[in-house]
Amino acid sequence: MGKAKGRTRAASIDDVARLAGVSPQTVSRVSRGSDKVRPETKAKVLQAMQQLGYSPNHAARALRSGSLKLIGVLTQQIERTGESYTTSGVLQAASKLGYAVIVSQVKHPEADEVHDALMRLSQQPIDALIIVQSGKATFQHLGLPTGLPVASSDSALVGYYPSASADQIQGVRDAITHLLELGHKTVHHITGPADSQSAAIRLAAWHRRLEESGIRPPEPIPGGWNPIDGYQAGLKLAQNPEVTAVFCANDEVALGFIRAMHEQGRKVPDDVSVIGFDGLPLGEYSFPPLTTIRQNFHRAGEAMIDLIAEQLAGGPRDGSRHIVIPTELVIRESTAPPKNT
């Protein structure tokens, strides 16, 4: 009887060893990326792996070593720009250390949903956990297993776990100071969503900076993170001729606001100066180009992986370790002195 076409089983490490003319131990070393294999031997092993379609059994190796080299990541809504960029930084930095990543997200920020998502992640064979955003859940809600290395960029968890986050307070102060130094008598604010800790920090920093200058803060306009939030708020603010400067919770809100100003016949920056927050690349190509506070989302992701690596090497696992990532004021054409100054 002739051989059946195609393989009836997956290639094994012994198959690769026979084809390459080496020992199974040598194949194992190549699979692990060991530098103790001669280049010509490694080339033969890799060629045999490719020819046989061999894939190293990482799960079996993990059982022997006690680690799957797997990091869990929790985020609130990965489609949001900031969370997406931060998670991208996590993925790239984890890959460089040889870690795979499993991501879980929650659509709603309620504490119970976040807790359930974290429990599902912690029940996986993960070596560590990264929390990009956890919504309304606090440290007390999370209930994570003792001893699990954790790093977070969520401002609400600073002080409880090792963390890395942008200096949002200084960023907001720089934004408001810039507008006041241009001569604006006050600065209106379109907020982020009510369930966001970052939005709450920016709101409080805006309020405090105006009070420090002896200015009674105007009523903030409730918003969100999307362009439509800025657009809808802009339609309201456009009716008030006393509005000459607006600080938007993020760049996307600022772009929606600029469109509303254009439709209502108010020029930016001649009639209204606009400043955003985040420093997204699209802001440079808006019309006019957007003045903003740039934060390094990618660096936050990398820094959390650094914190995980520190913990896996025996470093501190409490909230004493906090990496503050500076922000940068980027001045473009959407801000200018008010008229008649």
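I began with a helix pair: H1 and H3 cross in a right-handed way. A crossing is right-handed if the near helix is turned clockwise from the far one by less than a right angle, and left-handed if anticlockwise. Helices here are DSSP runs (H or I, at least four residues), strands are E runs of at least two, and both are numbered from the N terminus.

I noted the ground rules next. This is a predicted model, where local features need pLDDT of at least 70 and side-chain atom pairs count only at pLDDT 80 or more, while totals for chains, interfaces and linings use all residues. Residues are numbered from 1 along each chain as its sequence is written, and side-chain values use heavy atoms, without hydrogens and water.

**Entry: H1 and H3**

I looked up the angle. H1 and H3 (residues 39-52) pack at about 125°, with axes 9 Å apart. Axes are lines fitted to C-alpha atoms, for helices over the stretch in contact, and angles run from 0 to 180 degrees between N-to-C directions. H1 is therefore oblique to H3. Angles under 35 degrees are roughly parallel, over 145 roughly antiparallel, 65 to 115 roughly perpendicular, and the rest oblique.

Which residues of H1 meet H3? I found Asp 15, Val 16, Leu 19 and Ala 20. On the H3 side are Lys 44, Val 45, Ala 48, Met 49, Gln 51 and Leu 52. Contact means heavy atoms within 4.5 Å.

I also checked burial in H1 (residues 13-20): Asp 15, Val 16, Ala 17 and Ala 20 are buried. Buried means under 20% relative accessible area, exposed over 50%, and partly exposed in between (1.4 Å probe, protein chains only). After H1 comes Gly 21, with a positive phi near 75°.

**Entry: H8 and H9**

I moved on to H8 (residues 168-181) and H9 (residues 197-212). Their angle is about 45°, and their axes are 9 Å apart. H8 is therefore oblique to H9. This crossing is right-handed. From H8, the contact includes Ile 169, Val 172 and Ile 176. From H9, it includes Ile 201, Ala 205 and Trp 206.

Where is Ser 213? I found Ser 213 in the loop between H9 and H10 (227-237). Ser 213 is partly exposed because its relative accessibility is 35%. Its C-alpha atom is 8.9 Å from that of Leu 180, 33 residues away along the chain.

**Entry: the cores**

I looked for nonpolar cores. Such a core is a set of buried Ala, Val, Leu, Ile, Met, Phe, Trp, Tyr and Cys residues joined through side-chain atoms within 4.5 Å. The largest has 19 residues, and Ile 71, Ile 130, Met 304 and Ile 305 touch the most other members. H12 (297-312) gives the largest share, six residues. A second, separate core has 17 residues, including Ile 190 and Val 246.

Beyond its neighbours within four places in sequence, its contacts include Thr 86, Val 90 and Ala 164.

Most residues other than glycine have a negative phi, and most peptide bonds are trans. I listed some exceptions. Val 268 to Pro 269 is a cis bond, with omega near 5°. Phe 287 and Pro 288 are also joined by a cis bond, with omega about -5°.

Is Asp 278 buried or exposed? Asp 278 is buried, at 7% relative accessible area. Its phi is positive, near 130°. Asp 278 sits in the loop between S8 and S9.
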